[in-house]
Amino acid sequence: IRSSVVLHTHTYIWLRHPACKIEVPERLTVSHEALVQSGLADRCVSIPVREATDADILLVHSEEYLEAVKKTPYMTLEDLKEFTLQYGDVYFHPNIYHCAKLAAGAALQLVDSVMTGKVRNGMALVRPPGHHSMRSAASGFCVFNNVAIAARYAKQKYGVKRVLIVDWDIHHGQGVQYSFEDDPSVLYFSWHRYEHQKFWPQLRESDFDSVGKNKGVGFNINVPWNKVGMQNSDYLSIFCHLLLPVAYEFNPDLVLVCAGFDSAIGDPEGEMCATPDIFAHLTHLLMNLAGGKLCAVLEGGYNLTSLAQSVCQTVQTLLGDPAPPPANLDGPCKSALDSLHCVRSAHRQYWSCLKHAGEEGNSIEEKVWPEPPKRVTPTIRTAVVLPDGVTCPDGCKRFSSSEDLDPLIISKLK
Ligand SMILES: [Zn+2]
């Protein structure tokens with residue numbers, strides 16, 4: 001059984017919006033080309049895409065929103081512009097509805113292939129991405145929430161009980177969070193550039209203390225990066241000290257990855273410094289879960305070189321090749337450790353693997369004891385000089401003249 005790569009090769013070249021400078025068709029062509037050049041594509045099973053049906057899309061989105069998006073292919077450019085303005089940072093192209101259906105459908109084809117055992121795992125290379133889109137709104141280049149739809153689809157069609165969604169894209173997938181924040185069957189983990197809410201989408205609910213709601217409390221894990229320049233050590237620390245212990249305890253039946261590579265070095269959006277080979281390790285660490293059933297779905301990634309290398313690292317690991325020796329492991333930085341401690345503390349009451357989190361600084365308990373009682377210095381009342389041969393009276397202590405007396409006693413005798 002091999003890994004699969006799903007591509008909607010016959011359409012992605014059409015989706016180019018003149019106003020959008022970074023979410024460009026070349027993202028898929030360079031990724032695919034790199035897979036071919038490296039010989040990885042030959043080792044993969046290619047799976048044909050299909051369009052997501054209305055029923056698939058309605059698993060996550062509202063009917064009103066779907067109907068609105070359905071009209072976009074028939075809109076004039078002027079109307080499209082106006083339609084777009086109601087959402088944030090998204091560009092509607094006359095062909096985007098078709099492409100968005102293929103992107104979501106590709107994720108579902110991958111889920112089908114993995115759940116039926118046709119392949120062990122796989123990656124869907126798709127555009128537009130999905131993790132920002134919400135029930136009734138497009139956002140951040142995203143139209144339909146490909147991974148959220150895939151999670152609901154897997155639960156509905158295959159009776160999957162627990163789905164882990166790992167979002168290693170550098171942006172917070174707020175759309176995924178909103179979809180599952182009260183659902184304990186889907187554990188959503190996201191790390192994201194946050195900079196104390198200064199970085200897009202600048203949401204209060206992207207911080208570490210948004211842990212889920214109602215029955216889903218504890219099943220939403222946000223790791224805010226409050227500085228740029230995070231490196232391999234920072235990413236690995238979060239995996240080793242937070243995600244993996246919780247993921248093992250959660251024990252998912254399926255792992256979905258919001259595989260955005262704007263978290264890699266060179267990306268103009270992420271401004272992080274983790275190298276593409278880190279994705280070999282992150283992927284490898286996740287492959288031990290859910291019996292290896294892992295579906296990665298492309299999200300962001302805007303430096304074409306870094307993106308193509310990261311895609312190859314991920315796919316090569318999915319194919320079972322050992323990961324390269326990890327580079328540049330200098331230990332996590334202070335800011336990453338601060339974030340790690342905040343998240344671990346926020347979740348300590350929900351996960352037994354974290355129950356002692358936050359005690360690191362207080363492990364030496366502060367001891368309390370009574371102050372010693374005040375001591376009274378006894379006063380020396382009487383000093384008597386006796387001639388030799390005279391007996392010392394009761395209650396007195398005799399010092400011979402030849403004895404070396406303690407200077408303190410002498411000072412008190414004077
Ligand atoms: Zn992103």
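**A working chat about the model**

Author: I would begin with a side chain: that of asparagine 226 reaches the backbone nitrogen of histidine 196 at 2.8 Å. A polar contact here is a pair of N or O atoms within 3.5 Å; within protein, one must be able to donate a hydrogen and the other to accept it, and residues adjacent in sequence count only if both atoms are side-chain atoms. Please note that this is a predicted model, in which local features need pLDDT of at least 70 and side-chain atom pairs count only at pLDDT 80 or more, while totals for chains, interfaces and linings use all residues. Residues are numbered from 1 along each chain as its sequence is written, and side-chain values use heavy atoms, with hydrogens and water left out.

Reader: How far is the backbone nitrogen of glutamate 195 from a polar atom of the side chain of asparagine 226?

Author: That distance is 3.4 Å.

Reader: And where does asparagine 226 lie?

Author: Asparagine 226 belongs to the loop between strand 6 and helix 9 (232–250). Helices (H or I, at least four residues) and strands (E, at least two) are DSSP runs, numbered from the N terminus. With 17% relative accessibility, asparagine 226 counts as buried; buried means under 20% relative accessible area, exposed over 50%, and partly exposed in between (1.4 Å probe, protein chains only).

Reader: Which residues is asparagine 226 in contact with, leaving aside its neighbours within four places in sequence?

Author: They are Tyr194, Glu195, His196, Ser335 and Ser339. Contact means heavy atoms within 4.5 Å.

Reader: Let us turn to strand 5. How many of its residues are buried?

Author: In strand 5 (residues 186–193), 8 of the 8 residues are buried, so the strand is largely enclosed by the rest of the structure. Val186, Tyr188, Ser190 and His192 point one way, whereas Leu187, Phe189, Trp191 and Arg193 point the other way. In a regular strand the side chains alternate between the two faces of the sheet.

Reader: Which strands pair with strand 5?

Author: Strand 4 (residues 163–167) pairs with strand 5 in the parallel sense over 5 bridges. The chain passes from strand 4 through helix 8 (residues 174–180) to strand 5, and this β-α-β crossover is right-handed. Right-handed means that, with the strands pointing away from the viewer, the path from the first strand over the helix to the second runs clockwise. Strand 6 (residues 220–225) also pairs with strand 5 in the parallel sense, over 6 bridges. Two strands pair if DSSP finds at least two bridges between them.

Reader: Which residues face each other there?

Author: Phenylalanine 189 in strand 5 is the bridge partner of valine 166, and tyrosine 188 stands opposite asparagine 220 in strand 6.

Reader: New topic, the zinc ion. What coordinates the zinc ion?

Author: The zinc ion is coordinated by Asp169 (OD), Asp169 (OD), His171 (ND1) and Asp262 (OD), at 2.0 to 2.7 Å. Donors are N, O and S atoms within 2.8 Å of the metal (3.2 Å for Na, K and Ca); water is not among the atoms, so sites may look incomplete. In sequence, the donor residues are spaced D-x1-H-x90-D.

Reader: Are aspartate 169 and histidine 171 buried or exposed?

Author: Aspartate 169 counts as buried at 1% relative accessibility, and histidine 171 counts as buried at 5%.

Reader: What about glycine 173? Where is it found?

Author: Glycine 173 is in the loop between strand 4 and helix 8, and it is buried, with a relative accessible area of 0%. Leaving aside neighbours within four places in sequence, glycine 173 is in contact with His131, His132, Asp167, Tyr188 and Ser190.

Reader: Finally, which peptide bonds are cis?

Author: Among them are the bond joining arginine 127 and proline 128, with omega about -10 degrees, and the bond joining tryptophan 200 and proline 201, with omega about 5 degrees. Most residues other than glycine have a negative phi, and most peptide bonds are trans.

Reader: What is the phi of asparagine 251?

Author: Asparagine 251 has a positive phi of about 60 degrees, although it is not a glycine. Asparagine 251 lies in the loop between helix 9 and strand 7 and counts as partly exposed at 44% relative accessibility.
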